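Dear colleague,

Please read them with the model open beside you.

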Amino acid sequence: MSQTLARPSAPALKAGQPSAIRLGLSRTVIENRMFFRERDAVIFTFAFPIIMLVLFGSIFSDEMEGTGLTVSQLYVAGLIGTAAMTGFQNLGINVAMDRDDGTLKRLAGTPLPRTSYFIGKALNTLFVSFLQVVILLAIGVALFGLELPSEASRWVTFTWVFVLGVLGSSLLGVAISSLPRSAKSASAVIAMPFVVLQFISGVFIPIGQLPAWLVNVASIFPLKWMCQGFRSVFLGDAGATLEVAKSYELDRVALILGAWAVGGLVLCLMTFRWKSRRDG
């Protein structure tokens with residue numbers, strides 16, 4: 001039987017000690033430092049979406065008939081969705097590594113509240129995803145003629161789509177971290193479904209050009225809805241005609257992303273393990 005988030009007993013925080021939130025913020029600083037010290041990981045995390053945007057945006061730069069938009073601008077919105085879902089891959093792999101090398105087991109025996117560990121991971125993911133989005137937007141504006149929204153309502157939409165998307169995908173990443181048998185297999189087990197999701201969710205191929213059955217499969221997962229929400233922000237009314245439903249369906253986007261946030265939390269509670277399989 002797998003262990004859940006109920007970890008081994010640890011010394012309780014004494015009166016006057018920092019709160020779980022304050023310790024979580026301190027843990028965020030540690031997570032950020034550890035992330036940026038891994039230069040290879042930093043380069044890959046930031047370079048991959050940039051390279052994909054520059055390549056695909058330069059190769060497929062035609063204007064989409066009747067919209068006044070280019071395929072390049074469509075890629076910007078799609079890759080912003082990928083950036084917001086980076087936590088799925090990064091957390092899935094990193095938490096699996098923390099479990100395999102004994103980091104989680106050691107943390108479980110300290111007074112650090114378990115919520116503080118996850119606060120640190122979540123805020124690190126939010127920070128990294130936000131940096132990626134800023135870089136992608138800068139490239140989209142500079143190279144592909146993307147116009148940033150002037151209406152406050154569209155930035156409000158961006159905010160809730162981004163927060164719900166990062167939250168849901170991060171929780172899903174933590175949940176799936178229990179699937180790899182070891183840290184060595186984590187990248188292969190987690191990266192492959194993430195790449196597949198990008199191709200069927202409208203990141204690299206316009207969603208309207210995909211077969212109906214693939215769209216139905218993509219609709220189960222959050223990335224398709226994240227990309228749809230971001231297209232509503234950065235492509236405006238002209239881009240709505242490119243959607244399968246000829247509408248951005250923002251109410252449905254909010255409902256499904258919210259459901260994934262709740263569902264991701266439930267999956268974490270059911271599947272998360274503090275120890276590796278070899279530790280029992």
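Helix H2 (residues 39-59) packs against helix H3 (residues 71-84) at an angle of about 160°, with the two axes 9 Å apart. That angle makes H2 roughly antiparallel to H3, where under 35 degrees counts as roughly parallel, over 145 as roughly antiparallel, 65 to 115 as roughly perpendicular and the rest as oblique. An axis here is a line fitted to C-alpha atoms, for helices over the stretch in contact, and angles run from 0 to 180 degrees between N-to-C directions. The helices themselves (H or I, at least four residues) are DSSP runs numbered from the N terminus, as are strands (E, at least two). The crossing of H2 and H3 is right-handed; a crossing is called right-handed if the near helix is turned clockwise from the far one by less than a right angle, and left-handed if anticlockwise.

On the H2 side Pro-49, Met-52, Leu-53, Phe-56 and Gly-57 take part, and they meet Ser-72, Tyr-75, Val-76 and Leu-79 of H3, contact meaning heavy atoms within 4.5 Å. By class, this contact of H2 with H3 has seven nonpolar, two polar and no charged residues, with Ala, Val, Leu, Ile, Met, Phe, Trp, Tyr, Cys and Pro counted as nonpolar, Asp, Glu, Lys and Arg as charged, and the others, Gly among them, as polar.

Please keep in mind that this is a predicted model, in which local features need pLDDT of at least 70 and side-chain atom pairs count only at pLDDT 80 or more, while totals for chains, interfaces and linings use all residues. Residues are numbered from 1 along each chain as its sequence is written, and side-chain values use heavy atoms, with hydrogens and water left out.

A second pair is formed by helix H1 (residues 20-37) and helix H6 (residues 114-144), which pack at an angle of about 50° with their axes 7 Å apart. H1 and H6 are therefore oblique to each other, and their crossing is right-handed. The residues of the contact of H1 with H6 divide into twelve nonpolar, seven polar and three charged.

Now to the empty space. Rolling a probe the size of a water molecule over the atoms shows where empty space is left. On a 1 Å grid over the protein atoms alone, a cavity is a set of points where a 1.4 Å probe fits but cannot get out, and a pocket is an open set with protein on both sides within 12 Å along at least five of seven lines; lining residues have an atom within 4 Å of a point. Grid points are joined across faces, edges and corners, and a volume is the space filled by probe spheres set on the points.

The largest pocket holds about 870 Å³ of space. Of the 34 residues that line it, Phe-35, Ala-41, Asn-90, Ile-93 and Asn-94 are the closest to its centre. H4 gives the most to this lining of the largest pocket, with nine residues, and by class the lining has 15 nonpolar, twelve polar and seven charged residues.

The second largest pocket has a volume of about 420 Å³. Its lining is made of 17 residues, and Phe-118, Ala-122, Leu-167, Leu-171 and Leu-265 lie nearest its centre. H6, helix H7 (152-176) and helix H12 (250-271) each supply at least two residues of that lining, which by class has 13 nonpolar, two polar and two charged residues.

Finally, the count comes to one cavity of 30 Å³ or more. The largest cavity holds about 70 Å³ of space, and of its eleven lining residues the closest to the centre are Arg-99, Asp-100, Pro-180, Arg-181 and Ser-182. By class, the lining of the largest cavity has three nonpolar, three polar and five charged residues.

With best regards
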